[in-house]
Amino acid sequence: MLLSLTIRDIVLIENLNLSWTPGLTTLTGETGAGKSILLDALGLATGARGEAGLVRQGCKQGSATAIFDCHDRADIAALLHANDIPENNGELVLRRVQGADGKGRAFINDTPVSIGLLARFGEALVEIHGQNESQTLTDGGVQLDLLDGFAAALDLRTETSDAYQAWQAAATTLADYQAHLAKSGDEIEDLKRSVEELKRLAPKAGEAEDLERLRRLQQNAGKLSGALAAIVERLDGEAGAEAQLNDAVRAGERAVAVDAEALGDVMASLERARVEVTEALAQVQDVSRRLQMDPAELEATEDRLFALRDVARKHRCEIDALPDLLATLSERLASLDDDPAVLKRYQKACDDALAQYQARAKALRQARMAAATDLDTAVNAELPDLKLAAARFRTEISDAAEAGPKGLDRVRFLAQTNPGTAEGAIAKIASGGELARFMLALKVVLADVDAPRCLIFDEVDAGVGGAVAEAVGSRLRQLARHHQVLVVTHAPQVAARGQTHWRVQKNAQDGRSLTSVEDLIADHRREEIARMLSGAQVTDEARAAAEKLLEGHA
């Protein structure tokens, strides 16, 4: 609910602070007194387009501040949280400063914000319906929301939205996997070739060093053979070192029999020397035997070593890293492999999610179709009393351009203003006054399901009077049970319905024209309604008629 509107230096208003009340407020005054300035100021505070011409002449800037009670508005609290704007004990302060240079600034709870964000808050709190604007009847998304509220289908729409999100998530997963397969096709083939090559090669840790050593040995077999033969000749045979050491050990054993204590260390050294020579001879003979290998073995050793080097060079790593590389590439290949079972699983999940969404969207359409018939009947029942007896209202439900979180439907409010004329979008078919009365009829029918807002009706009674004005006033009062309503009116029948009555007037002050607002009560209110009934010259008859209007609607 709007609590107050403070206006500073806007057009003809120097300084004005209005405290708003629940229910129906009527705003009257002579043409040109400045009623539209109040609406312009409220629009400025709630995100409407600003311009330099709104600033009072001679001032550098003007401002408009609207304060709302939002204690029960979870949507407003969520919007504040989403935009890091501090809460203000349940109150929301929207402020707009408009400069004479055309520049403007916006604030929410004293936090600087963009004009666009200010407008988002304003749209959630205020609706202005006038001769040339009626957002509810021109915005397809709002029309759909109104129909779903009337159908009591908001829970079903939430389920539809959840199903849509689940379908989109499944479709994204499937598309990502398909893109992954397409993108990784070449990579998979490269990995397969590399893994197959490494598996055939079967590299082993430390293998490179062993191959290098064997290759050097095989390459130098010729040079080593002679040296090894000379070593064998000096170690082996009757005159060799091994035989000589054996003789020395036997001689020592005879000497030990004479004096074991003196020769103990000698015999230990001789024994160690004999063992070392025997082991050295065995090792030399082993190397000699290896040097007698077939030349093809050298070729095989080199082929193996060169193959390992080539693969390591290709993958830019050391030979000893090839076993780990094989494991890594095999794991990567497994993660990229085109597994038909995986694709099938993702496709089924997407199909199932789509089926769930379609089922809920179809149930939502059925609820909308049934509600549309009832809505049309209810709105059309309101039209005759609003001087629209020949008009017809119809809710059209057709296929949306694409599936969405709100379902598969497109909703349009259509109108036919006279028999035989073409039916069309209500905003294009109806005149300004007709559009405002269509809006009023629709708002009355939807009063129980429409979100509470501050509703502004600018001359909704234009061009009508008498019984029709009475019907307009009656419906505005009815609507004010569910919403805070302000109506700018020239009809006394409407003005008398107000629970609060403001009169706008323009006064001369120090050579300037300034607009002021007076809260009318008792005799002052009767006098204003009498003026509206009789014109410039207020008669006793007009006062009596005004008194009767007020008594009937107290």
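Reader: Why is Glu528 called buried?

Author: Glu528 has a relative accessible area of 2%. Buried means under 20% relative accessible area, exposed means over 50%, and partly exposed is in between (1.4 Å probe, protein chains only). The value for Glu528 is 2%, so Glu528 counts as buried. A word on the background: this is a predicted model, where local features need pLDDT of at least 70 and side-chain atom pairs count only at pLDDT 80 or more, while totals for chains, interfaces and linings use all residues. Residues are numbered from 1 along each chain as its sequence is written, and side-chain values use heavy atoms, with hydrogens and water left out.

Reader: What makes Glu528 and Arg531 a salt bridge?

Author: A salt bridge is a side-chain nitrogen of Lys or Arg within 4 Å of a carboxyl oxygen of Asp or Glu. Here the N to O distance is 2.6 Å, and the two side chains meet in a salt bridge. Both residues sit in helix H18 (residues 522-534), three residues apart, so about one helical turn separates them. Helices (H or I, at least four residues) and strands (E, at least two) are DSSP runs, numbered from the N terminus.

Reader: Why is Arg531 called buried?

Author: Its relative accessibility is 19%, so Arg531 counts as buried.

Reader: How do you know that Asp385 and Arg475 form a salt bridge?

Author: Their closest N and O atoms are 3.0 Å apart, and the pair is a salt bridge. Asp385 lies in the loop between H13 and strand S9 (392-404), and Arg475 in helix H16 (residues 466-479), so this pair ties together parts that are 90 residues apart in sequence.

Reader: Is Asp385 buried, exposed or partly exposed, and why?

Author: Asp385 has 41% relative accessibility, so the label is partly exposed.

Reader: What makes Glu396 and Arg412 a salt bridge?

Author: Nitrogen and oxygen are 2.9 Å apart there, and the side chains meet in a salt bridge. This pair links distant parts of the chain, with Glu396 in strand S9 and Arg412 in strand S10 (residues 407-416), 16 residues apart. Arg412 has a relative accessible area of 28%, so Arg412 is partly exposed.

Reader: How many salt bridges does the structure hold?

Author: The structure holds 31 salt bridges. Some residues are linked in a network of salt bridges, among them Asp145, Arg157, Arg365 and Asp409.
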